[in-house]
Every structure is written in structure tokens, then in C-alpha cells.
Amino acid sequence: MRLELIKRPQQSAFFSAVSPLFALLLTLIAGVIIFTLLGKPPLAALYTYFIEPLSEVWQLHELAIKAGPLIMIAVGLSVAYRSNNWNIGAEGQFIMGGIAGSLIPILVPGFQNFMTLPLMLIFGFAGGALYGAIPALLKTRFNTNEILTSLMLVYVAQLFLDWLARGVFRDPNGNNFPGSIRFPSAARLPEIDPAQGAAHWGFVLSIVAAVIVWAMMQYSLKGFEVKLLGESPRAGRFAGFSSARMVFFAFLLSGGLAGLAGISEVSGAIGQLRENISPGYGFTAIIVAFLGRLNPIGTIAAGLVLALTYLGGEGAQMSLGISDKVARVFQGLILFFVLGCDTLIHYRIRLVFGDPAAKTAAEG
Amino acid sequence: MGIADHNSVTASNTTPLLDVRGITKVFGSLVANDHVNLTIAPGEIHALLGENGAGKSTLVKMLFGVLDPSEGSIIWKGEEVRISSPSEARKLGIGMVFQHFSLFEALTAAENIAATTPISQIADTARRLSVDYGLPLDPDAMVGDLSVGERQRIEIIRCLLQKPDLIILDEPTSVLTPQEANKMFETLERLKAEGKSILYISHRLDEVKRLCDTATVLRHGKVVGHCNPQEETATTLANMMVGTDVQNASRELSQAVEPGEPLIEINSLDRPPATPFSIPLRGINLKVRAGEVVGIAGVAGNGQGEFFEAVSGEALQTQSDSVRLNKVDCGRLGISGRRLVGAAFVPEERLGHGAAPGLSLSDNMLLSRHTTDSKTMLGALGYVVTSAVTAARKRVVKEMDVRKSGEDPEAAALSGGNLQKYLIGRELDRKPKVLIVDQPTWGVDAGAAARIRQAIIELARSGSAVLVISQDLDELFEISDSIAVMHDGRISAPLPIAEATFEKIGLLMGGAEPGHMAYEDVKTAEETEV
């Protein structure tokens, strides 16, 4: 017996629209099964995961802290993926953006005025964009697979950050703990409402980025170019657009936004350059982009959902003693079900019993 | 009801092989097939005629299990069947040869045939079938190296291996030379003599008259008549299809216009092959003057696609004067730059080259017009002025009589003929000084083709230079002022239409053709001339 995927002649518009919700529902059902198998009360566990983290205002601030970088990165990735450029290395670009932006407060600690923070953000964007330009260059010059190169560069970036934080950038007065000096307040992204919670302006930047990029995709010739080259490269060339330039545009934009998210995290949530600045935001953002239907506005909702899995994971570890790795399981399940639902919208499954080749041979 | 049907039909010689009753297919608000009836007897060649968009493809897709009917029944050998997939259709004994080949270029002929059938002894079986049915074929040849006619033979043999009782052929001769088409007709006659039935879809009414025993004519999804093509003329058949009188494009005006200065000049254009499967261009020289239509004939795969890309600027030249358009050296300009000097292009592939299948007609308007019409269609920061794009779309739809379902559907939702009218209209709407068209009416119905040809001639008469690349000789003789032939990456000197004959052009087309058939044809042609 085997499964065959048969392309549907027409796709249901209704199911295309609700497929993310469907995927989330399936994820919850899978969650119930997993918790039951782990011997935990499933409904209580789900409550801890998905409801409890939303019950108080300071927790909503925590949600925004986690959702900010996810949305910012996913906005860029949604453009890259639309143009058929598969940047899997946002995690590395996030880290390089964090490093590049931190150069200012670490190397010139005396430079403290209203220009400090904007310059850091620009450096962060540039750092991520330049790091994203490497797989773009390799793809256009040597025809390498950008999925592999961008992914491998993540590990390079992680080790580079680790070396910096334990080595040259280590705070001399830090009692030998890894990590740079604490940034002065001029180099910190301020909190939105310090009285209520810890969320910083990075979240607002993400929303602004989402709206701007959405408008670009929706209304501008550039957005048309992205969609056209992603849908049909040959028609794109006929339109006079260059696939090679689009590779660079996609990687510079998605890398730059990942870098901006990186420096926002370092200067907002953390306040110093540490050996580890990301709990896998760059990878989780891939899920955010797909759950948001590769639509920049959609990534806002999707980013909040995925941020919840981080918070829920922490909560469940504390109150139920479940490993916080379960959060990763949930993230994986969401991606699996989103892609699965999309596949079933485009194809139907047919079971074929027996070996059809042998059967035809017998008939022939 | 099912029982009654079953009892009333007894298995005898009079049982039709296929009986389609009241079949209906609805897409959204569009009724693509409206209670269509079709009966095919064993050993009959049955023509399915209709304009593009008349519902032929929809009907055939339902017969081959690609689409599910909304209503109606299919009765196969006296029993009602439900065909839910192509492999089920094959099991029943329905085979299909598609208009767009589904072959793998980098595999051999035998490997391609094996793709839908078991591997064992494919090459031998294929060789035997090819001899039996007069379809010469080398099973070990790489498909990328074969001519279009030879590729089609693979498709047909692949279909015959399934031992079908009914063979569906969708526009089989649209890419063949007259000689190749004749060979294929002989094969079909042989299949018919064996008692196999054939459903033959074509726009070429002469072929239908010559080959088919009965015909079903569709218009707007409805059957408008069943007839015997032998008793009809090409004109009466065309009138049934279109519903109005079809006129051949008129070239009367051509004598009145003196050709002006050259607007397309190709000077010793060379192009090395871009991929292992492409044809190098060698020393091409060509001039097209204002007011003139020059046709380029040739068997598919002789460098037409490569030539089009070089002229359009999708591939750049090393010498800037190799391509001069509208008196500007364009060799180093990309396609947008060439459009800006007043050139317009319509490629052979509608979906995926001239248009993006999944984008709306408006987006596809922007596709080729964003540089030339940037003043009206684009605002600050590259903002797309939707109203200007929509206005252009509406203008073209009206001007070219494009039929579609919905206001602004995806390009892929239009029938081939209607999309082609839209794509030609998109360029004509700019009133270009230079137009280069590859296969303007490939797979397009008679009504749309006449309209497209008329529009091409009118553009030339208004003082533009037009270059038409086509494999349809009738078309080139109808619209061209002179005809050149493309063969193996070279283009012959154009023959003025007054001196050109089918024989002369056919000889040039066959020329040094590496295909094995064509060589013999040239010899016979030479002998008859002598």
C-alpha cells in the first residue's frame, strides 16, 4: 500500500483562509495526546501553556518582548520566501546584527547622546544585511543552495558571538563572567511603559516594520516584482526584472530586519552583549512567517502565538515540571500542521493498494 | 434509474464505445460544459471542434479523470463509469496525447515511455510498436535531441503501450511540419482500421475534414451540432464554431503601403548555446522595414526560442549593433531598455513567460508595461496606480474581445486563445513601432486567430515593423510580406510573398534537418520538382 498525492483542480478558498486556525487546533489536540502520554493532566497543562501566560498585564509585556523579534524577523522572511529565496539563516543574521549594533557602546562607551541609539539600530540592520549578503553572493555567483549556506552560517555566527563575549568584549570588571559591559542608558531601547511591565520599543518597531513592508508588498512595483519573480522567474525576466538582484534584495531585507531585531533584543531586553542572545528566534520566525501566510500583517498574529509557546514552556517547566523543550515540540507541531493543511488544500490523498506497476504489467 | 439504463443497453456491435450524457461542469459562476452529449462508436475518428474557451479541454479532462463532472454520466462500453483519475482512465482503456508534451528532456525516449509503464522490455515493445504503426523512433535517443515531431511520436507510443480503445489527441498537429503531420495521419488511419476510436481535437478544419468521420461542435460550453465533416466545408465548420462568419485577415492594404526605413535590423547575430539543449545562433542577418510583416518559418526547435530571447533582450549580445530596433543599437540593452525605444514582444509560451499564471490580469498588464507606462501606472516610491492599470486592462479586454469569468481573474483561468488575445492586445495598446511575436496563434481557435492576425497586419499598415515567428505556414502566407526560414540556428534570406511557395519554404525548412524523416521528404520533394 502507498499514498499518492493528487493535485486538486481547484482549491477551496474557505479552507485556504482558515487553515492556520485549523493547524492550531490540531496542535492543541496533539498537545493533549502528548501530555496524557507524559502522565500530566492534559487540560491543566494546556491551561498553563496557553492561558495562564495571558492572565496579567506584566505577562502581556513579556509576550511583547518575545513576539517583537519574532515578528520583525518573520516580516523579512515572508518577503524572501515570497520571492522564492529560502533564507534559513535569520538566527545568524540576528546575532550578527546584535554584534554590529553593540560595537558602538562597547568600543566607544563615551559616545552617549541622542544619536547613539539610532546609530546602533542602523549598525544592527547593516550587520544583519551584510551577513545575509554572503549566501546571496554564493547563490548568484556559484549557484550554491542558499538553504544550506545560510543555515551553516548560523553556527559560524553563534561561535563568533561566543568568542567575543568570552574574549575580547568581556567586561574586565565582570568577575570573569562572559558578557560585555552593561550598556549606558543612552544605548538602551527604553521601555514602553515601565510602570506596567518590561516591554521595550522593539515591539513597536516590529509592528511599524510589518506595516511598511506590507504596504510595499501590496501597493508598490517592488512588491509586484517580488511576487512575480517568486511565482514565475521566466515571466519576471520577461518583465525586465533581474532574478540575481532579487536574491540580493531578499537577503539584504530579511537579513537586515533580523539584524535590527538582534540589536533591539540586545539593547532592549538584555542590556549587554552576552554569549547567547537568542532562544532560537531566527528559527522560530520561519514558523511565524508560514503561520502568517507569508503576509507581513499576518506575521503579527502568528508572532504573538509563537511567543506564547515560549512563555508557556517556561511556565510549564516551573509549575508542572515539564521540560521547556516541549515548547520546541509545539513550535515544530505548528509548522508541521500548517504545511500539512496547505498541502491538503492543494492535493488530495489517495490510498493505492498493491503494487500498481506489477498490476499494469500483468494486464499488458 | 441506473438499472433501467443498464438493461436498455445490450452488448452488441451497435453499443457505442463511449456515450457521454448531459455532462455539466461548473466553475464558480462559469458553466464550462452545459449538458454536453457525445457518442463515439468503435473504430471512429471523432472530431471535437470549438473555439478556445468553448469547453473542449474541460470535457476532455473529465473524460480523462482530471476533473470531476458536476452533473451527467459517462457510459463506457455500455456501463456507467466514474473516472476519478488519469490512471483509472488508462485502466478503462482511454489514452491521451497532450497538447503540451509531458516528456523529460534529459532522459531517453525509452525511459520517458517507462515513466508511465513498467520498465521491463520497454525499448523492445516501443521499437515493435513504432514499426507496426509507422512511427519511426530510436528508443535510445535523448529526448532533448529530438524534434517536436519525434517527441510527439514518443507521446503516442507511450499512449499505445497502454492498449487503449479510445485515444484522445489534443491539437496534435499544431507543432508539426506538413510532412510530419501526414505521417501522423497515416498512423491514425491504421489505428482506426484496427478498430480503435480516436477523439481528435483540432482547430485545423482541413485536417478534420480529411480525417474525421463525425464531429461534435461546442460553443460556449454547449453542443451546437453534430455533423459529418466530409459533407461540410471548412467555412461552414468555422461558422458553426464561432457562430458568426469568420473572415480571413485581409492583406488588401498591403499593396498600397510602400515599406519605409528599416526598424528591425539584425546584423551577424551569434549566440552560443545557453544550455546543453539549446541551439546556437549563427550569423543571423535580417531587416524588417516600417509597414512590413516578415515571417520566420521553421520546424520547432531550430533556434526560434533562442532567437526571440536574443532580440527581446532577455539575452544580451556582445555587440551593441547586432540588434537595432527602431534605429537604436540595442545589443547591450535589456528587455526594458528595448521596450523604451518602442519595441514590444509576445513570446511563445503564454503561461510562465508572457504571463504569470497565478497573477491577475491587471498584474499581468503591469508585467510588460511598468517601464514604458511608468508615467501613468506608477506614482512616487514606485506606488502602483491601480486605476491606470485597471483602465488599460479594460481597454485591452474590450478591444480584443477577451472572454473571461469574473472581473480580474488569474491568467491561468483564461483559455489559451483568450489569454493570447489579451497578451497581444497588451502590447498593441502601446502602439509599438516594432513588434516581435513568437507563435502568435499557437493552439488558438479560428476566431481568435483571425482577430490576432488582423491586428498584426493593421499594426504594420500603421507604420510599424512586425516580425512573426511561426510554425504555421498557412498563417505566414496569410499575413507576411516576405518569409524567411529558420533552420539549425540560421535564418535564410527572406522570400517576397509573391515568389514564396509551400514547396520552396518546405524545402528550406527541411534543409539539413538532422531528423531522419525530413531528409527523405526533401529527397522526394526534389525528385518531384526535377
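This is a predicted model: local features need pLDDT of at least 70, side-chain atom pairs count only at pLDDT 80 or more; totals for chains, interfaces and linings use all residues.
Chain B has 19 helices and 21 strands, and 49% of its 530 residues are buried. If you take the contacts in chain B with a separation of 6 or more, 68% of them link residues 24 or more positions apart.

**Where the chains meet**

- Chain A brings 22 residues to the contact between the chains, and chain B brings 32.
- On the chain A side, helix H8 (221-231), helix H9 (233-238) and helix H14 (356-363) each supply at least two of the residues that touch chain B.
- H8(A) gives the largest share of that side, with 6 residues.
- Sort the chain A side by class and you get 11 nonpolar, 6 polar and 5 charged residues.

**A strand pair in chain A**

- Strand E1 (residues 2-7) of chain A runs antiparallel to E2(A), and 6 bridges join the two.
- To find one of these pairings on screen, look for Lys7(A), whose bridge partner in E2(A) is Tyr347(A).

**Two helices packing in chain A**

- Helix H11 (residues 281-291) and helix H13 (residues 325-346) of chain A pack at about 35 degrees, and their axes are 10 Å apart.
- The crossing of H11(A) and H13(A) is left-handed.
- H11(A) makes this contact through Thr284(A), Ile287(A), Phe290(A) and Leu291(A), while H13(A) uses Gln331(A), Ile334(A), Leu335(A), Val338(A) and Leu339(A).
- Here's a handy rule for reading a list like that: an α-helix has 3.6 residues a turn, so residues three or four places apart point the same way.
- By class, the contact of H11(A) with H13(A) has 7 nonpolar residues, 2 polar ones and no charged ones.

**An open sheet in chain B**

- Four strands of chain B form an open sheet: there are 4 strands in the order E12-E11-E14-E15, with antiparallel pairing.
- Why is one side of strand E12 (281-289) and of strand E15 (328-329) left without a neighbour in the sheet? Because these two strands of chain B stand at the edges, and each has a single partner strand.
- Strand E14 (residues 323-325) of chain B and E15(B) run antiparallel and are joined by 2 bridges.
- In that pairing, Arg324(B) has Asp329(B) of E15(B) as its bridge partner.
- Helix H10 (residues 304-312) of chain B packs on this sheet, where it touches strand E11 (262-271), E12 and E14 of chain B. The direction of H10(B) makes about 60 degrees with that of E12(B).

**A covered helix in chain B**

- Helix H15 (residues 416-428) of chain B has 13 residues and reaches 18 Å from its first C-alpha to its last. That is close to the 18 Å expected at 1.5 Å a residue.
- How many of the residues of H15(B) are buried? The count is 13 of 13, which makes H15(B) mostly covered.

- Lys394(B) sits in helix H14 (residues 386-399) of chain B.
- Lys394(B) has 15 other C-beta atoms within 10 Å, so this residue counts as partly exposed. A buried residue would need 20 or more.
- Glu407(B) is 13 residues away from Lys394(B) in sequence, and the two are 9.3 Å apart in space, C-alpha to C-alpha.

How values were computed. Residues are numbered from 1 along each chain as its sequence is written. Chains are lettered from A and ligands numbered from 1 in the order in which they are written. A residue is buried if 20 or more other C-beta atoms lie within 10 Å of its own, exposed if 12 or fewer, and partly exposed in between; C-beta atoms are placed from the backbone. Two residues are in contact if their C-beta atoms, placed from the backbone, lie within 7 Å. Ala, Val, Leu, Ile, Met, Phe, Trp, Tyr, Cys and Pro count as nonpolar, Asp, Glu, Lys and Arg as charged, and the others, Gly among them, as polar. Two strands pair if DSSP finds at least two bridges between them. Axes are lines fitted to C-alpha atoms, for helices over the stretch in contact, and angles run from 0 to 180 degrees between N-to-C directions. The expected span of a helix is 1.5 Å times one less than its number of residues. A crossing is left-handed if the near helix is turned anticlockwise from the far one by less than a right angle, and right-handed if clockwise.
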